[in-house]
Amino acid sequence: MIQFEHYLIVSALLFCIGLLGVLTRKNLLVLYMSLELMLNAANLALVAASRFHDNLNGQIMVFFIITVAAAEVSVGLALIVALFRRRQTTNVQDLSELKL
Amino acid sequence: MIETLFFITFALLTLICALLVVANPFSRNPVTSAMFLVLTIISMAGLFVLLNAFFLAAVQVVVYAGAVIVLFLFVIMLLDIEEEERRKLKQFSVYSGILVAGVVAVIAITAILSSGIGAYASASPVIQGNPAPLGKILFRDYLLPFEILSILLLVAMVGAILLSKKDLK
Amino acid sequence: MNAFLSWSILLAPITAAVLIGLFTKQNSKLSSKLSIGAIGFSFLMTLLLAAVNSGTPEIPVTSSVTWLEVGGLKVELGMIIDPLSMMMLLVVTGVGTAIHIFSLGYMKDDPSLGRYFGFLSLFTFSMLGIVLASNFFQMFIFWELVGVSSYLLIGFWFERKPAAAACQKAFIVNRLGDFGFLIGIILIWSITGSLDFGEISGAFTENPALLGASTAIAGLLIFCGVLGKSAQFPLHVWLPDAMEGPTPVSALIHAATMVAAGVYLLCRTLFLFELPTSWPEDFAWLNGVSSLHIVALIGAITSIMAALIATRQDDIKRILAYSTLSQLGYMVMAVGLGGAAAGMFHLTTHAFFKALLFLGAGSVIYAAHHEQDIWKLGGLRKKMPVTFWTFLIGTLALCGAPPFSGFYSKEEVLLAAYQSNVVLFVLAAITAVLTTFYMFRLVFVAFGGSAKSESADHAHESPSVMTTPLVFLAVLSVVGGWLGIGGYFGHFFDHGAVHHGHHENQTVVMFIGIGAIIFGFFPAFFMYHGAESDPLKKGLGGIGEFLKNRMLIDEAYQWFISRTHEALARLADWIDRWILAGFLVKGIQFTGEFTGRALRLAQTGNTQTYALLFGLGLAVALFVILL
């Protein structure tokens, strides 16, 4: 029988795959996709919790997360576009203005 | 029994596709990543269905696969990014990334398994993630967050338009 | 009445000093009038005070205001008027007035006369402060103020290199002594909890063993201050050099008053020295020796040493300076031998005749256009009769010839020595012989014979503004001794009269004293009467050179100090170079730089590095929280 833990483990693994992408990939767009993966991991955990605790509030939360993620992606992508116009690159290694 | 089978299938599909999003050995093309992201999202929608979250499964497919990924593809095409040139990845960065992600995964899974969190789960769950009960809660208990969320979307839209304008004046 | 008078005595000079310093320094006439007016006023007030108190029983009259009170430390500004301070007040203001007036003539061509009189008033104020001080703290403050004004006056002609060096030497040597003095004060305060002379002495009367094992140490520490201020061996080296100052200053500060402050302090704190002496265990071998014994010994050493050196000096002021040293040694020895009254008596008469001698020397120097070498003077007896006769009176008084004042006081000192310690008495008698010898050598060479240089040839008598103080002091030098005939000074101290009534001893001592004068006078007469050059120069050979070079004490100090200095400097340099600059400064700099460099490695500017570190932090946080 599939238990709550199993969903949580899938969620954790999904989160870590997203983290791995954020840490290793150099393309900003892929980086964003990895972020989406991490958000989805959270979604999965919430839906599972909602199901196993017999409570719909978790699904509402997921609903909100999806909305926020959509907003975030739209702004983030707009930023990438603006950045690309200026620097002609989407590679994070080329973005090191934080260093003096 | 059949439920277990479905779970394993969708879970494996989700994880493999997600892995291919971030680390595709054959292609570094962002479009490929985007496509695998679509597959991931759809597999997750399958998991949602298994969890009785029918409405969310639909939203997941519509919003993510339909809107977000399309947005990604638009941007990729807009920017005319040729395949990521095969820059030599820094070994150190890759290994350290794998190490950190792995450590976090091990810690999280160990914590989940040792916490006995499943014991708190309801023995016979009955909820159905249909639009009607969800809508009732959403528009009754969560009305204010919902409205704030709509403002957030408006702001994000304005921001996105402002940022992608050619010259800000 | 007493309080008002004593405060006005004290405050008049400082008012003058402040006014001169702030307003009238450029105007030398007004400044000198202010200064002389102030000390004249103090003198009159002192006379009035003496008159007011002459009939009353001789108990110390004190008035004090609390100045500050911090925890257990209570500092008062007080006045103590007893016969002892009364006498000192008279000496300081009386002799001071004469010298102030003399300065008017001696310094009249100096461009910074205003500054001179300002300093002089400051000195007078400080000296009066010492005399009137009713507690150790006040005493110490004025003690230091006296040191400062002495420094300022010795270095009055600071553009002259020797003067600048001499004032620093005087100040530094005095600091050495004052350091001990200060420690002594702190020691006494920490044990008795009081700084007031009366209270402390009362505490000791109640419990003589209050200081326990540190009685002798406390006394000797206080004596350190005396060593410095009264120029006793081994801190005497500054006084001869202090002669670089203007001659009236030498007369006032370095002959009559300031150097006597040490003796005064000894008398003031005599109660401390009279306690039954006990030493800490480390000094147990000194048991049986009281601090007064050491005081007396130092006084005797100083007096004979200075007298020996004085016989071979050629500078008129230096001869007088060594003579002062010698006489101060006398006083200190007298106090040390239990004859505090004799010491004070000698202090008083010495103030008169030594001021007179210095002013006489000043008059000579002034007349001879700043020629101070006695072998370039000569023949002044006819040219400067007033100066000569007053100088002779001073000389006779110093030698102790009857009936001049020095005769009475010196006899008291000798008597004190005779009754206590034969060895010291012999030393004192030899010193008396030497005193007569070098003084008459000075008189014969400088005043007798014929002029040995052009400037001496052209000399003529000084103006009356200078000769009047000479005459005034000469009169005092003659009659000053009669003060002590009735045992007046003995009343200063409760036990002072003990030494009187031994008429046999007195007669013996008197004859020895007069014999010493004769023994001193004739060799001087035969050797120097009409001499053109010093016959002793070859006669004494190496010893003469040794004495002429002031027993090489300065050289020894120089050698010792430069050696220790060098060693200390090397050590300090090493510490500075390796420990401070090397280890601490460079170490801190290196640590900072190293940490900075290490941290800079993390600041790649690459977002993913930050993300990685963030992930690492997350892992650690999760590990801590979840596992």
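Residues are numbered from 1 along each chain as its sequence is written, and chains are lettered from A in the order in which they are written. In this predicted model local features need pLDDT of at least 70, and side-chain atom pairs count only at pLDDT 80 or more, while totals for chains, interfaces and linings use all residues.

Trainee: Are helix α10 and helix α11 of chain C roughly parallel or roughly antiparallel to each other?
Mentor: Helices here are DSSP runs (H or I, at least four residues), numbered from the N terminus, and axes are lines fitted to C-alpha atoms over the stretch in contact, with angles from 0 to 180 degrees between N-to-C directions. The axes of α10(C), residues 247-256, and α11(C), residues 258-268, come within 3 Å and cross at roughly 20°. Angles under 35 degrees count as roughly parallel and over 145 as roughly antiparallel, and α10(C) and α11(C) are therefore roughly parallel.

Trainee: Does C267(C) count as buried or exposed?
Mentor: Buried means under 20% relative accessible area and exposed over 50%, with partly exposed in between (1.4 Å probe, protein chains only). C267(C) has 4% relative accessibility, so C267(C) counts as buried.

Trainee: How many disulfides are found over all chains?
Mentor: A disulfide is taken as a pair of cysteine sulfur atoms within 2.5 Å. The search covers the whole structure, and the number found over all chains is 0.

Trainee: What area do chain C and chain B bury between them?
Mentor: Contact means heavy atoms within 4.5 Å, and this contact takes 9 residues from chain C and 8 residues from chain B. Buried area is the accessible area (1.4 Å probe) that two parts lose on being put together, summed over both. With 91% of it on carbon and sulfur atoms, the area is about 700 Å².

Methods:
Heavy atoms only, no water. Helix = DSSP H or I, 4+ residues; strand = E, 2+ residues; numbered from the N terminus. Parallel < 35°, antiparallel > 145°, perpendicular 65-115°, else oblique.
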